[in-house]
Amino acid sequence: MSNRAAAAASSATAGASAGVVGASAGVVSAPVEVVGASAEASVDSVLRLRGVGWSVRGVPIVEEVSFDVHEGEFIAFIGPNGAGKTSLFNLISGIYPATHGVIELDGADITTESVHGRARRGLGRTFQTSSLWNGMTVADHVRLAAQAAAGPGASYRIWRRAGRYAGQVAETLERTELAHRADTLASALSHGEKRKLELAVLLVSDPRLILLDEPMAGVSAEEVPALTALIRSVHRDLGRTVLMVEHHMDVLLGLADRLAVMHHGTLLALDTPAAVMADATVQQAYLGEGL
Ligand SMILES: Nc1ncnc2c1ncn2[C@@H]1O[C@H](COP(=O)(O)OP(=O)(O)OP(=O)(O)O)[C@@H](O)[C@H]1O
């Protein structure tokens, strides 16, 4: 973690408070000035967005989003339902084409690059809804992902060459606490285990920048702490840069170096959690009077 990220992390702990924000948050349409976001270029930016936007049939969904992500940083994205958080992740990962602006990964312009091209550069993501194959075992999910990451053609030899990936698969299942479920079908996993398996599928391709879209969605309260600890370990122990959309404030305040607040498709604020939570504009526009 960079010094900057470490300083932000300590502020995150200081500013922590529990609760879930999202659907019921009040919405005020006026303010669009970004609190705490710096437009300056930075030498250690892994990801840089400048004026990024996406419109559908002329209707703006994401507007003028600019920010830098530093190596080893953890940024959590919050905002009411429909604020544009998933759309922004889709723009960064290449699922949607940006209609405005520039996206850079490690200084290279990837604005028009394909999803696979971005993945080859080390960008990986999970989705809000589960993307697993019910009839396939845990180990086979990770093995297939390892083979897909190995390059074109490798996945056609999945059953003949399965042994080649055994060590990689075992290590990834160990790290994601799924080793004891290796031979279990995905359909038999709990929601928390499914989320762990999605992380395992992601990690086996060794991404440096990870986008997690609501990893706690559908997960029972009992499983949240273990999943949170796993995500923390991916960030801190594996040193991955993480962007995460999450509604559970108690989860993300223990993880995030900075909080990004999305509001009506714009980036309303980007700063340490303590600064964001204390900001009057954010409180009025999103968090509501009660906070
Ligand atoms: N492919 C699409 N075509 C048209 N409109 C879309 C498309 N994808 C998203 N939208 C619209 O863009 C807006 C933002 O949606 P998005 O899913 O990005 O919000 P979100 O902040 O992630 O919400 P949530 O917290 O509910 O997941 C919504 O009004 C949604 O209906």
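## Exercises on a predicted model

**Exercise 1.** Work out which residues join helix 4 to helix 6, and describe how the two helices pack.

*Solution.* Start with the contacts: on the helix 4 side you'll find Val138, His141, Val142 and Ala145, and these meet Leu197, Ala200 and Val201 of helix 6. Sort them by class and the contact of helix 4 with helix 6 comes out as six nonpolar residues, one polar and no charged ones. Keep in mind that this is a predicted model.

Next, the geometry. Two packed helices are described by the angle and the distance between their axes. Here helix 4 spans residues 138–150 and helix 6 spans residues 191–203; their axes come within 8 Å and cross at roughly 25 degrees. Angles under 35 degrees count as roughly parallel, so helix 4 and helix 6 are roughly parallel to each other.

**Exercise 2.** Find the two domains and say what domain 1 brings to the place where it touches domain 2.

*Solution.* Then look across the boundary, where 10 residues of domain 1 are in contact with 10 residues of domain 2. On the domain 1 side, helix 7 (residues 224–236) gives the most, with four residues. By class, that side has seven nonpolar, two polar and one charged.

**Exercise 3.** Which residues are closest to the ligand, and what classes make up its shell?

*Solution.* The ligand is surrounded by 12 residues, and the closest are Asn81, Ala83, Lys85, Thr86 and Ser87. Helix 2 (residues 85–93) gives the most to this shell, with three residues. Tally the classes and you get four nonpolar, seven polar and one charged.

Methods:
Residues numbered from 1 in each chain as written. Predicted model: local features only at pLDDT ≥ 70, side-chain atom pairs only at ≥ 80, totals over all residues. Axes fitted to C-alpha atoms, helices over the stretch in contact; angles between N-to-C directions. Parallel < 35°, antiparallel > 145°, perpendicular 65-115°, else oblique. Contact = placed C-beta atoms within 7 Å. Nonpolar A, V, L, I, M, F, W, Y, C, P; charged D, E, K, R; others polar. Domains from an automatic or database assignment. Near = placed C-beta within 6 Å.
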